[in-house]
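Open the model in your viewer and keep the sequence panel beside it. Follow the stops below in order.

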Amino acid sequence: MAKGDPLTPYQKGVVRRYYEHRDTLMHQKLSEIVSELYLCTNEAKAARLWKSARTALLNLDAPRARVERTVARRDLEDLAALVNQLF
């Protein structure tokens with residue numbers, strides 16, 4: 001490993017593959033969040049899940065106004081529809 005290069009070739013490959021499949025990974029993550037929110041009974045956990053969903057959607061360049069509206073209303077059906085619409 002060169003002095004100025006902090007990543008090995010293997011690590012570079014891992015990072016490259018992560019970004020190649022980022023959309024798929026985010027879709028999986030958002031699908032899991034929707035499922036967890038549906039089953040969630042703990043308000044503190046639900047708040048964390050909504051925050052995670054908001055961050056993931058904004059990272060995927062979803063329409064900001066719709067994301068903010070969905071999260072503010074905590075509309076699970078709209079969240080599921082938005083996730084399906086994005087993918």
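A residue counts as exposed when its relative accessible area is over 50%, and as buried when that area is under 20%. Keep in mind that this is a predicted model.

**Stop 1: helix 2.** Select residues 22-39. This helix has 18 residues. From first C-alpha to last, helix 2 reaches 26 Å, close to the 26 Å expected at 1.5 Å a residue.

Now show the side chains of Met26, Leu30, Ile33, Val34 and Leu37, which are buried. They sit on the same side of helix 2, because they cover an arc of only 100° around its axis.

Turn to the face of helix 2 that points away from the buried side. There you find the exposed residues Thr24, Tyr38 and Leu39.

**Stop 2: the cover.** What lies over the buried residues of helix 2?

**Stop 3: Ala80.** Select Ala80 in helix 5, residues 76-86. Ala80 is partly exposed, at 25% relative accessibility; that value is not under 20%, so Ala80 does not count as buried. Next, draw a C-alpha to C-alpha distance from Ala80 to Leu30: it is 8.6 Å, although the two are 50 residues apart in sequence. Leu30 is one of the buried residues of helix 2.

**Stop 4: Thr70.** Move to helix 4, residues 64-73, and pick Thr70. Is Thr70 buried or exposed? Its relative accessible area is 1%, so Thr70 is buried. Leaving out residues up to four places away in sequence, Thr70 touches Trp50, Asp75, Asp78 and Leu79.

Conventions: Residues are numbered from 1 along each chain as its sequence is written. This is a predicted model: local features need pLDDT of at least 70, side-chain atom pairs count only at pLDDT 80 or more; totals for chains, interfaces and linings use all residues. Side-chain values use heavy atoms; hydrogens and water are left out. Helices (H or I, at least four residues) and strands (E, at least two) are DSSP runs, numbered from the N terminus. Buried means under 20% relative accessible area, exposed over 50%, partly exposed in between (1.4 Å probe, protein chains only). Contact means heavy atoms within 4.5 Å. The expected span of a helix is 1.5 Å times one less than its number of residues. The arc is that of the directions from the helix axis to the C-beta atoms.
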